[in-house]
Amino acid sequence: MSTARVQSARTRSVFAVILILLAALLAPAAVVSTWVRAELIDTDRFVSGLAPLADTPAVQLYIADEVAIAIEGSLDIEAVVHDAVSGLNALDLPPQATAAFGLLEGPAVHGIQSILRTTVDGMVASPQFAQIWEVALRQTHARAIAVIQGDPNSAVQLSGDGTVSIELGTIIAEAKTLLVAQGVDLATLIPEVDRSVPLLTSDSLTQVRTAYSLATAVGTWLPWLVLALLVGGIAVATRRSRAAFGAGIGLAASFLLLLAGIGTGKVFFLAMVSPALMPVATAEALFGQVTVNIHAILVALVVLSCVIALAAWLFGESRQARAIRGAANRGFARLRGGLDRLHLDPGPVGTWVDRLRPAIWCVAVAATVLAVFLNRPISLGSVAAALAWLVVALVAVELLRRPRGSEAGKPGATQQIS
C-alpha cells in the first residue's frame, strides 16, 4: 500500500474517532434536552407523568397535611368556638350550664379538627382525588412555565425570600364542598385560601430557566445531530464494523454514566430538601416519578447501543464472527432448499432480492433507526418492537433470496451452498 493511501486511511480513522466521540459526549445532553422538552414543557405529558403521584401514600399524606393546615389557619377554629361559647355565656344561663359550656370548649375544638382531618384524608384517598390532582397539575404547569419564561402576569411569582410556590386552591375548595355536604356548617366560613407549597428557590429557578432555554433551543435537533455524527463516523471509517462496535460501546457507556448521575442526583436532592419544606418520603416519591420516564429512556438506549455493538461484532472480521455467519448462511441455505422442494420457489423475485440484498438491508436498518428516533419518548418496548421488525425483515430477505447457481431445480444446489 502506498504512503498516500496509508496516510488517507489514518486520517479517515482519526476523523471517524472524533465524530463518534463527539456523538457519545453529546448523546446524554440530547436525551436530557429531549426529555425536558417532551415531559416538562408539554402540559399533557407533564400531567400524565405526575398523575400517578395522586395514588402515592407519601404524597397523599403531604397534601392532606397542607390542606388541613390551610383550612385551620383560615378558620381559626379555636377562636370561632370560643366566640360561640362566650355568646352562650352571655345568655345569663345557670352557673352549671356556663361551667359545662366552658368544659366543652376544648373537646369541641378537637372534634371539629378531627372531622376536618378525616374529611380531608378521605378526599385525598378517594378515586375522585385523581381528577382534582390533575386539575391542580394543569394549573401549576401553566403558571410554572409562565414563571420560567419570565411572564410578569403569571399567577405564580417569586416571593421576597426567592421561593417559587404553587397554590392548593383547587384542592382546598373541594375539601370545603365536602365539609359543607357533611353538615359542617362552619366550613361555609372558609374563604378562598391562598395556601401554597414551595417548589424551588431563586437559585434553582435560574438553573431551571437555563434548562428550559436549552431544551426549547436544542431539544428538537440535537438528537439528529448525534445521529448524523454517528453515521458520519461509521461512514468515513476504514473498518466500519469496528467503528460501529466502538460507537455502540461508547453510547452504552455514556448512557450508563447518565443513569449513574441521576442516581447521584437523587441522593443530593434528598439531602438538600429540608424536612420543614417537604417530608423525605414525599421528596423521594416526587423525584422518582419525575425521572421515571428518563430512566426508562436511558435503559432502552443502553439496550439499543448494546445491540448495535453486538451486530457490529457479528459482521466483523473476527474468527468467531465469521464462524457464526457461516453457520447462519448454511442454515438459511438449508431452509431455502426445503422451501424449493415444497415448490415455494419465489422465482425471479428471489434473484432480484439477492442482487439488491445490501440495499434492502440498509433501508431496513435506516427505517428501524428512524422508527426509534421518531417515536418519542423512546421506550424499551418501542426499541424491542423496532428490533423485532428488523429481525423479521432480515430473515424474510434471507429466505426469499436465491443466490446465483442455487435456483430451484438445480441438482446439488443446497449442498453446494452448505
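The model is predicted, so local features need pLDDT of at least 70 and side-chain atom pairs count only at pLDDT 80 or more, while totals for chains, interfaces and linings use all residues. Residues are numbered from 1 along each chain as its sequence is written, and side-chain values use heavy atoms, with hydrogens and water left out.

The overall make-up comes first. Of its 418 residues, 34% count as buried, where buried means under 20% relative accessible area, exposed means over 50%, and partly exposed lies in between (1.4 Å probe, protein chains only). The accessible surface of the chain comes to about 23,000 Å², and 67% of this belongs to carbon and sulfur atoms. These areas come from the Shrake-Rupley method with a 1.4 Å probe, and for residues only the protein chains shown count as cover. Among contacts (heavy atoms within 4.5 Å) with a separation of 6 or more, 79% are between residues 24 or more positions apart.

The UniProt record, an unreviewed entry, gives the annotation "transmembrane region" to residues 211-237, 249-274, 294-315, 358-374 and 380-400. Positions from that record are given in the numbering used here, feature names are shortened, and annotations may be inferred rather than shown by experiment. Two of these segments can be set beside the model. Over residues 249-274 the chain is 92% helix and 0% strand, with the end C-alpha atoms 40 Å apart. Residues 380-400 are 100% helix and 0% strand, and here the end C-alpha atoms are 30 Å apart.

The structure holds 11 salt bridges, each being a side-chain nitrogen of Lys or Arg within 4 Å of a carboxyl oxygen of Asp or Glu. One of them joins Arg401 to Asp354, whose closest N and O atoms are 2.6 Å apart. Arg401 sits in the loop between H15 and helix H16 (413-417), and Asp354 in helix H13 (residues 348-355), so this pair ties together parts that are 47 residues apart in sequence. Arg401 and Asp354 are both buried. Salt bridges with shared partners join Arg336, Asp354, Arg357, Glu398 and Arg401 into one network.

Glu398, a member of that network, is found in helix H15 (residues 380-400). Glu398 counts as buried because its relative accessible area is 4%. Its side chain makes a polar contact with the side chain of Arg401 at 3.0 Å. A polar contact is a pair of N or O atoms within 3.5 Å; within protein, one must be able to donate a hydrogen and the other to accept it, and residues adjacent in sequence count only if both atoms are side-chain atoms. Leaving aside residues up to four places away in sequence, Glu398 touches Phe332, Arg336, Arg357 and Trp361.

Arg138 and Asp44 meet through their side chains at 3.0 Å, N to O. Arg138 belongs to helix H6 (residues 129-148) and Asp44 to helix H2 (residues 43-50), so the pair ties together parts that are 94 residues apart in sequence. Asp121 pairs with Arg117, with the closest N and O atoms 2.9 Å apart. Both Asp121 and Arg117 lie in helix H5 (residues 95-125), four residues apart, about one turn of the helix.

Ile324 is placed in helix H12 (residues 319-341) and is partly exposed at 42% relative accessible area.

Ile308 lies in helix H11 and is partly exposed, at 33% relative accessibility. Ile308 touches Ala244 and Gly248, not counting residues up to four places away in sequence. Ile308 and Gly246 are 62 residues apart in sequence and 9.4 Å apart in space, C-alpha to C-alpha.

Methods:
Helix = DSSP H or I, 4+ residues; strand = E, 2+ residues; numbered from the N terminus.
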